[in-house]
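Me: Hi! Could you walk me through this structure? I have a few quick questions.

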Amino acid sequence: MSSRLGEILIVTEELAGLNRSGGIGACALGQSLHLRSLGYQVDVLITDLDCSQATQREQLRNFSSFTVRFLRDLVDADDVVSQPVDAISKSYCVYRYIKSQNYHVVHFNDWLGSGFYTAMARRQGLISSVIVTHLHGSSEWVRRHNKNLPRLEEFETEAIEKSQIENSDLVISPSEYLLDWYTASGIRLPKSRVCNWLLPQWFNDGFDGEQPLSCAPVAPGSIDTLIFFGRHERRKGFELFLSAAAVFPKSFQPNLVFLGRFDRLNQEFSGSAALRKLSGYGGEIDFVNDLHQQDALRFIRKAKSALCVMPSVVENSPCVVGECFTIGTPFIATNVGGIAELIAPDSRKACLPEAEPKALAEAIQRAAVLGIDRLESTLVPRRIKEAWAEIHAALQQNAEEMVEVDSSRPLVSVCITHYERPNFLRLALQQLEAQSYDNVEIVIVDDGSRTKESHEELDIIERTNFRFPVKILREPNKYLGAARNTAARHAKGDYLLFHDDDNVAEKQEIEVFVKAALSSGADVLTCQAFVFRADDARGPFVHDIVGQERRSIEFYPIGIGGIFSYFRNRFGDANALIKRSVFAKLGGFTELRGVGFEDWELFLRAHLMGYKLGIVPEPLFHYRVSSGGMLATGDTAQNFQRIFEAVDGVKSTADGDIIRYAISGDLSEQITNLTCHNLSKERAADHHRRLMSVDPNSSEAREILAELAVKLGRTRDAINISVGRQREELVRQASQGKLKPRLHRQELQHETIRTGDRGQCYILRGWLVDRCGHPRNPKAMLFGHEYFKPLLVERYERPDVQRALGLDDSTNLGVKALLQRERSELLLDKITFARSAKIAMPKSGHAKLLCGESQLKGHIDNMVACDAIRVPLPQDGSWEGEMEIVTGHGVDVAVKWNSKAIEFGSPQSYRKHFVIPCLDRRREAVDIFLPLGISVDVYFY
């Protein structure tokens, strides 16, 4: 079927104004509007399975110029496949629809690889649609820069994305940066072009796109709000923004609005992380996470005294920058990735600081205090529209261009293994004889059948004149690998097609296989298959009540390999076409008796040795599922041993992602445990921990976040965050004075303190265990001729010690201690009876730790002399509020705030909320332990 000129399909997970508000949805809408304005017939296929005609009926009224279709509805009408469950099955359902329509041009995005099977079919000459892939940033690109731990399914998705890109006719990127990143990642780019995305706002009535877009200037002192514009992801700079806001001076603390969806960072809910890290922040904090793209832009446009901040740590060509230019809103971004390509050189210095907290904080303050001149972009909408028009005009001129197909008809040797299934063998030969391809030979290897029925069937075959030459080889039972190798040794074809006796071929199987192999240059091709479960000679040809054959596709192999191939077989079934020369170089199948996975092993070796693998997305045969098959009843451990040995034999190089996957479970657990442990020390710890376990963008999460803000004394923030009845109740309580606001802007006391040069204490870090590897705490320390008594000991994880000592657990192996100098005579009577362990430490000789036993192992990594400074509390100790110690030196801090409570603070800034009874004279001051020669600022609110 030839493609239909002028008919274009855009395949996308999201469409702005319909289901989501991300950059992909905005670009898909802009592209659709532009193509319709050029006169093309445009369909948009939405692959989001939560969307259907019924669920989006109201929103569809806004899209009258083009047709919107939903994958969910199309699959409901397809009797062969079920609703997809992952990116791979979704991609296959997309292919089935495109094959039935045969559009002239199909646009895909790289993310999620929805064009994988379609692009593969295009390379194989099976469809005529021109395939265009837009580069927004693949799943691997996102995962690596968000530092997410991978799952096996994600490796599979990343593989089909890469394959789709390589098999496309044209790849379009909005930045040179992303093309360079893909090339450096080993992806073989086809024909590629840089062209900026089309934004939907450029097609509004009255929009003037003749000149470069620009942002309005910022008047000095006019900014009172910062809008973080983006999802709460690491790569979007969420943490970077929090770190920058945390170092704003007290004189500059504008309101903060986080405009984007919540997420998790090291398993911590992003909203609670913001409230925690900015607990002493003077401005209001609000979160807006439920706006679609157009509503988000309207929100920004109304914020007249706001500055948008998009502090990405890595970025392609963010739509948010183009959108700010489009509506004229000033912004600060970062000088990373392809962002600079969107901004005129003379404007870059004002709005593109380096992606680190201090530089970002300084750029924001400079813009707010001193103002910003008009920012100019490199975006000229009229020229960008013209560039896209030229691209599609060129695609129209090549409408009938197909992948060049080799017209030769190479000999194909069909290698059939048989064992005790004469009825299935008879059906298999019947379907092979009906093939549409004529240059075929058939080699049957009987793997030691013993029954009379099997021998009689083989005798009949030998006496029968078939359309193709048929050779029968009989040998003792050696199992599948050996039988297939025997068939291959006697084959004469350029290609081998392995075919079990219970496989039933479609009539065009060999013809399609050969066409796909010659067109794509593949060395190994698997294919899709129909599934049947019959145990009799009727095989798959069972009819339903209306006389139609029941056909079902239930598995979705992808033919290609990747890291996931070490763990499970996604290549496909042994019913595969392989170049005979390549099969010989691979050494054939390994001949292990009673052990499965021989096809997986062969494909894996081919992948590791660099041969070109692929899959024909057409179902070319029927695969029989049997509950009594070898894989269902065999030795799983032995089967996998085959895979281990295959990898050992190839000596493949370790990949960093293999290590990431191997430790992902343990590392995820460690991260979760550490985050829980750290949050347990925070105010309202229960709320922090509850937010770790709920859907970040659910109404439940927002309700708990509002409760957390109340607990933290951020009444105004709590009202901003809350919705519905919760907001009404908070407003009522606040109006009645039942919610006590924080005194952020009423600084009660500020002191700058500095330690002297005589240390009365030490803070030491190291590790200490007994002979069994159990953690031990020091009871005292002898250093030189002086004795020190621990005031505070804290344990922490030391995985390096765990590995070095071969212990089962790293928990509590590390020790951090605050030790205070004591007069020697106070300890003399105790020292006489104590056992001591001599523990080494760097550059300082040795210290003796008195622990009650001598067989200890340990090391003092560092030991810092400290002094204790007493700081009086405000209001004669009758005060309740928060103390903040700002060190600016990244040093350890310890605080003693009553006769018993001593605790360590963070290395950068220590905050403590005090609840102190009125007139409790014992708590009129706090003792702050600091390294010698350090000055810090202490604030009380």
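Reply: Happy to; below we go through a sheet, some helices, the cysteines and one glycine. Keep in mind that this is a predicted model.

Me: Thanks! In what order do the eight strands of the open sheet come?

Reply: The order is E19-E18-E17-E20-E23-E22-E24-E21, and the pairing is mixed.

Me: Which strands stand at the edges?

Reply: Those are E19 (470–475) and E21 (504–505). Each has a single partner strand, so one side of each has no neighbour in the sheet.

Me: And how many bridges join E22 to E23?

Reply: Two bridges join them, and the strands run antiparallel. E22 covers residues 524–532 and E23 covers residues 577–579. Val524 stands opposite Ile578 in E23.

Me: Nice. Which strands does helix H18 touch?

Reply: H18 (residues 480–490) packs on the sheet and touches E17, E18, E19 and E20 (495–500). The direction of H18 makes about 145 degrees with that of E18.

Me: What about H17, which strands does that one lie across?

Reply: Helix H17 (residues 452–463) lies across E17 (412–418), E18 (440–447) and E19. H17 runs at about 150 degrees to E19.

Me: Switching to H16: what span should its 12 residues have?

Reply: At 1.5 Å a residue, H16 (residues 422–433) should span 16 Å. The end C-alpha atoms of H16 are 16 Å apart, which agrees.

Me: Which residues of H16 are buried?

Reply: They are Pro422, Phe424, Leu425, Leu427, Ala428, Leu429, Gln431 and Leu432. As background, an α-helix has 3.6 residues a turn, so residues three or four places apart point the same way.

Me: Is Cys324 buried or exposed?

Reply: Cys324 is buried, with a relative accessible area of 0%. Cys527 is buried too, at 3%.

Me: Last one: where is Gly6, and what is it in contact with beyond its neighbours within four places in sequence?

Reply: Gly6 is in strand E1 (residues 4–12). Leaving those neighbours aside, Gly6 is in contact with Tyr40, Gln41, His104 and Gln396. The C-alpha atoms of Gly6 and His104 are separated by 6.6 Å, although the two residues are 98 residues apart along the chain.

Me: Why does Gly6 count as buried?

Reply: Gly6 has a relative accessible area of 16%, and buried means under 20%, so Gly6 falls in that class.

How values were computed
Residues are numbered from 1 along each chain as its sequence is written. This is a predicted model: local features need pLDDT of at least 70, side-chain atom pairs count only at pLDDT 80 or more; totals for chains, interfaces and linings use all residues. Side-chain values use heavy atoms; hydrogens and water are left out. Two strands pair if DSSP finds at least two bridges between them. Contact means heavy atoms within 4.5 Å. Axes are lines fitted to C-alpha atoms, for helices over the stretch in contact, and angles run from 0 to 180 degrees between N-to-C directions. The expected span of a helix is 1.5 Å times one less than its number of residues. Buried means under 20% relative accessible area, exposed over 50%, partly exposed in between (1.4 Å probe, protein chains only).
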